[in-house]
Amino acid sequence: MNSRARNCVVHPASRLIFAVGLVLAAGSVPAVAWAAADCPIDRLVGQVTRVEMPVTLTRNGRQIPVKVRTCVLYGDRLDAGDNGQVDVETGEGHRRFGRFAAQSVWVVPDPNVIAPRSLLATLNDAFRAAFDPAHPPVAYGVSRDRRQCLETAPSGPGAVRPVSAAPVTAQRLGADIDVLPIGWKTDGPRRVSAQLVRPDGQVVARSQACLGDGTEVWVPKGALRLGEHLSLVISSSAGPAFAYPILVVRPDSLPRPDGPVSEAWLVAAWRVAAAGEDVRLDSLARLRLGERRSYAARRLLDALLADEAPS
């Protein structure tokens with residue numbers, strides 16, 4: 001995958017990440033001409049997950065074919081009428097239109113997202129595989145198991161390894177972060193814990209996953225102190241697996257793209273694609289904060305945490 005965009009250099013790690021690309025399912029949608037312009041990251045509202053014709057999608061006055069994984073954008077008009085039915089996965093969850101649904105027509109309002117064209121070109125190029133219709137979406141929440149573990153949950157000694165989206169290196173984390181999503185790879189289901197700890201061993205926050213490949217560590221309000229050194233320690237029943245050294249910093253000290261950007265999650269996505277690996281945990285956390293507003297943010301976060309290999 002080409003991971004360079006005009007006017008901006010993409011960090012080499014992004015070549016690994018989205019190739020995080022998303023296994024091609026056997027018997028999936030036939031190959032069709034497709035470009036990142038079909039699913040621009042700043043205008044993406046959701047993707048079609050099921051369709052029963054007749055359903056129409058109108059964009060800028062022209063008809064767009066509707067099929068599974070068709071992207072729905074701001075400004076689109078989706079019409080299933082009384083006889084058709086279409087399901088769309090959005091940042092706010094699953095929505096259905098048409099037969100037996102509360103609405104048959106969805107006119108998607110335009111939020112007027114502000115961002116430099118060079119930034120959007122970088123993101124659409126680096127992350128295009130995440131929205132390619134040939135690749136099935138990662139199930140939401142696949143990497144964020146926060147259930148209470150039972151004693152019978154698997155707890156074998158197999159290896160627990162970091163995902164390529166979050167390589168183990170020293171991290172800078174904004175003091176305003178209140179939740180840290182983190183993923184890992186294992187040789188099989190097992191109990192894994194994540195703990196945010198101070199140098200003296202005091203646990204600031206903790207979470208665990210029973211069967212999933214990641215979790216979310218919720219940080220108490222005011223627990224992150226400017227200039228403080230912490231560690232995010234990932235452990236299994238065999239003991240500590242890996243740890244991220246963290247320095248708590250002012251949010252405005254983190255790298256930003258040139259020009260105005262109206263959505264914080266777009267800045268986070270840019271950092272994943274084009275900034276250093278030392279802000280990766282902060283970037284994942286800010287994508288997490290943006291997922292309720294944006295399907296694209298949620299989709300990117302799940303794909304990054306799932307760390308799926310390319311086909």
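A search of the whole structure returned 1 disulfide, defined as a pair of cysteine sulfur atoms within 2.5 Å. The structure is a predicted model, in which local features need pLDDT of at least 70 and side-chain atom pairs count only at pLDDT 80 or more, while totals for chains, interfaces and linings use all residues. Residues are numbered from 1 along each chain as its sequence is written, and side-chain values use heavy atoms, with hydrogens and water left out.

The disulfide is formed by C39 and C71, with their sulfur atoms 1.8 Å apart. The link of C39 and C71 is right-handed, with 95 degrees about the S-S bond. Distant parts of the chain are joined by this pair: C39 lies in the loop between α1 (13-17) and β1 (44-52), and C71, 32 residues apart from it, lies in strand β4 (residues 71-73). Helices (H or I, at least four residues) and strands (E, at least two) are DSSP runs, numbered from the N terminus. C39 counts as buried at 4% relative accessibility, and C71 is buried with a relative accessible area of 3%. Buried denotes under 20% relative accessible area (1.4 Å probe, protein chains only), exposed over 50%, and partly exposed the range in between.

Helix α2 (residues 117-126) is largely enclosed by the rest of the structure, because 7 of its 10 residues are buried. The buried residues of α2 are L119, L120, T122, L123, N124, D125 and A126. They pack against α3 (264-274), where contact means heavy atoms within 4.5 Å.

An open sheet is formed by 4 strands in the order β3-β2-β5-β8, with antiparallel pairing. The edges are taken by β3 (62-64) and β8 (105-107); each has a single partner strand, so one side of each is left without a neighbour in the sheet. On average, neighbouring strands of this sheet are turned by 20 degrees against each other, direction ignored; axes are lines fitted to C-alpha atoms, for helices over the stretch in contact, and angles run from 0 to 180 degrees between N-to-C directions. Two strands pair if DSSP finds at least two bridges between them. Strands β2 (residues 56-59) and β5 (residues 77-79) run antiparallel and are joined by 3 bridges. T56 stands opposite D79 in β5.

The mean pLDDT (the predictor's confidence in each residue, from 0 to 100) of the chain is 82, and 78% of its residues reach 70 or more. Confidence in the chain is lowest in α1, at a mean of 39, and highest in strand β10 (residues 171-174), at 98. Over residues 1-34, pLDDT stays under 50; for this stretch the model has 97 contacts beyond four places in sequence.
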